[in-house]
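Hi,

Here is the structure I promised to pass on.

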Amino acid sequence: MRKALLAAAVLAMMATPGLAQSYRFVIVPKAMNNPFFDFARDGCQKRAKELGNIECIYKGPVEHEPTTQAQIIQDFITQKVDGLAISVADVAAMTKSIEAANAAGIPVITFDSDAPGSKRVAYIGTDNREFGLALGKQLLKLRPDGGRYAMISGGPGAKNLAERVDGVREALKGSKWTEVGGSPTFCNDDPALGVQQMTDLRTAAPDLAAIIPVGGWPMFAPEGFKAFASKSKKDMDAGKFTLVVADTLKMQLELLNEGYANALIGQRPFEMGMKAMDTLLAIKNGQKVPQIIHTGLDVVTKDNVAAMLK
């Protein structure tokens with residue numbers, strides 16, 4: 001009788017929500033000085049709070065440094081966290097880190113930037129080829145007359161950015177647009193460097209008709225971006241120079257609304273952070289999860305930017 005009562009008590013404790021298995025999940029961005037990832041952090045923390053039995057830990061390199069990212073992940077492996085969600089800065093480096101986590105019994109998913117040949121369980125984020133296609137198609141829609149264009153990318157080892165670059169080229173293939181030599185430039189996710197590269201591109205090619213940053217970095221330095229765009233404003237208003245930029249953070253929407261860009265193609269980082277927690281929890285609960293979870297895109301122009309700002 002006593003054993004039966006004890007067994008019933010244990011079962012009751014296990015069924016009590018407050019005593020459910022708790023987990024420490026980590027979300028590792030490429031760089032913590034990139035405001036894009038702040039939204040992934042916020043989504044992660046919101047979902048963790050809603051679930052109640054999850055702690056969302058947010059930590060990555062201050063700047064875009066693949067070696068530092070790998071070391072941070074190794075530290076979390078040593079701490080025996082329960083799951084990792086990584087935005088891959090460098091595919092080769094992260095493939096090794098993911099293998100180490102896997103060997104330690106820690107499930108890994110990727111978000112924003114993938115390492116598809118690794119032992120990650122799933123990828124959550126944008127279809128980056130479609131993202132690049134959307135950027136290129138938007139430029140073609142705004143300026144079917146064509147001209148010379150250039151792209152700005154982040155880190156050369158990031159697969160998601162390479163896919164965006166390829167998507168832009170695919171969208172513009174066979175059109176009247178031609179890419180300048182030296183494109184894309186790589187700003188390593190540094191906003192100030194991204195602005196400087198835009199200036200350098202226009203200086204090197206005075207007839208440059210468009211710039212497409214495949215990430216929002218130049219706009220993440222809003223004053224610097226505004227200073228650059230102000231010098232080109234007359235050409236932008238006359239339809240001689242066009243800026244189609246990735247991402248739709250508030251500062252970017254405000255710049256577009258003020259006429260300092262022509263269009264934005266946005267991702268959904270907040271949703272990435274939320275889905276990362278759901279996916280890692282499902283894995284820990286022994287559930288099968290989709291290998292690819294796309295979070296969609298938003299196209300913003302002067303026609304709908306006011307609505308997006310509300």
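This is a predicted model: local features need pLDDT of at least 70, side-chain atom pairs count only at pLDDT 80 or more; totals for chains, interfaces and linings use all residues.

Residues are numbered from 1 along each chain as its sequence is written, and side-chain values use heavy atoms, leaving out hydrogens and water.

The largest nonpolar core has 74 residues, and Leu135, Ile211, Phe225 and Leu243 have the most contacts inside it. (A nonpolar core is a set of buried Ala, Val, Leu, Ile, Met, Phe, Trp, Tyr and Cys residues joined through side-chain atoms within 4.5 Å; buried means under 20% relative accessible area, exposed over 50%, partly exposed in between, with a 1.4 Å probe and protein chains only.) Helix H10 (residues 269–284) gives this core its largest share, seven residues. Helices (H or I, at least four residues) and strands (E, at least two) are DSSP runs, numbered from the N terminus. Another core, of 18 residues, lies apart from it and includes Ile57 and Met94.

Now the backbone. Most residues other than glycine have a negative phi, and most peptide bonds are trans. The bond from Ser183 to Pro184 is cis, with omega near 5 degrees; Pro184 sits in the loop between strands E7 (177–179) and E8 (185–186). Asn188 has a positive phi, near 55 degrees, and is partly exposed at 37% relative accessibility. Asp247 also has a positive phi, about 85 degrees, but is buried at 4%.

Cheers
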